Amino acid sequence: MQPRNMSMSGVVDLAAVKAAGEAKAKAEQARAEAARQGGVPAPALVTEVTEATFESDVLQRSTEVPVVVHFWTDRADASVQLQETLERLAATYAGRVVVAKIDVYANQLLVQQFGVQGIPAVFAVLAGQAMPLFQGAAPEDQIREVLDQLVAVAEQRFGIVGVPVEGGAEEPVAEERPPSPLELALSAAHDALDQGDLGGAIQAYRNVLSDDPGNTEAKLGLAQAELLERVQGADAQAIRKKAADNPSDVAAQIAVADLDLVGGHVEDAFGRLVDAVRRTVGEDRDAARLRLLELFEVIGADDPRVTAARAALARVLF
């Protein structure tokens, strides 16, 4: 079975953008404290997590090290084999990633909260933000590629480097290559976004896309930067009142949808725009539809909320 969403594109979401500075500061403080105390114990590379321990073993740990969350069961061979692969890979990363395995039958609340649709399913949690990695069996080399991306994003965007484990790496470390011009441009765009330079970030992402039109990470970053720029300095109370007083004002409904998405009310934003498409025709319908598609880019195509909203949009269009 080909794994779904073998990508790190979902890492750059709005919540992560807001959390980046705080996560970096926490990571730096923790490392400084560890240095004063003469170091910290080597982390457990694999932890069995329950609903009771999720906050400490996953959310809190994710501010120090990327946590790979595996929803599994020992009743399925594919789950067992994938867990063995993840544990073996965790050892080679020597403390730069850790694995949290969660029994799907014993932790149904977590299964629902993550929107697990089948097993095995693998997510990452980084600086308290969860993102899907892949579902189903996957070749070890593809999993390694995803973990490489996860480690790179953790360090470059959040300053999270894990706690090194001596002797953990069993494979030779590949010689580091200098970043390509495209990678440098993308990193500059991320930095501008993290620092709140929205205009600079927008231009930087557009520069990346001019050279690499299919770059998913740049598309996602651009969509987020443009959204944040639209709501910057907005009078949320006045915008919401205008939309409530004028349900047929599509521009007002679009503005509220932007606010909802930035506030984390994803389903509300999508539902408002789907309803606007349903109730309108012509240019108004096109405006609502196009903004909804832009907001899909912000969240990421593989998010189940986007999948559901796409289906709802198709129903009202056709």
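Both faces of strand 4 are covered. On one side, Ala121, Phe123 and Val125 are buried. On the other, Val122, Ala124 and Leu126 are buried as well. In a regular strand, side chains alternate between the two faces of the sheet. Strand 4 is thus described as mostly covered, with six of its six residues buried. The model is a predicted one.

Strand 2 spans residues 67-72 and pairs with strand 4 in the antiparallel sense, over five bridges. Within this pairing, Phe123 of strand 4 is the bridge partner of Val69. Strand 5 also runs antiparallel to strand 4, and six bridges join them. Here Val122 has Phe134 of strand 5 as its bridge partner.

The bond joins Ile119 and Pro120, with omega at about -5 degrees.

Ala127 lies in the loop between strand 4 and strand 5 (129-135). The two strands form a hairpin with two residues between them. Phi of Ala127 is positive, near 55 degrees, although the residue is not a glycine. Ala127 is buried, with a relative accessible area of 9%.

A positive phi is also found at Ala94, at about 55 degrees, again in a residue that is not a glycine. Ala94 sits in the loop between helix 3 (77-93) and strand 3 (98-103). Its relative accessible area is 15%, so Ala94 counts as buried, the cut-off being under 20%.

Methods
Residues are numbered from 1 along each chain as its sequence is written. This is a predicted model: local features need pLDDT of at least 70, side-chain atom pairs count only at pLDDT 80 or more; totals for chains, interfaces and linings use all residues. Side-chain values use heavy atoms; hydrogens and water are left out. Helices (H or I, at least four residues) and strands (E, at least two) are DSSP runs, numbered from the N terminus. Buried means under 20% relative accessible area, exposed over 50%, partly exposed in between (1.4 Å probe, protein chains only). Two strands pair if DSSP finds at least two bridges between them.
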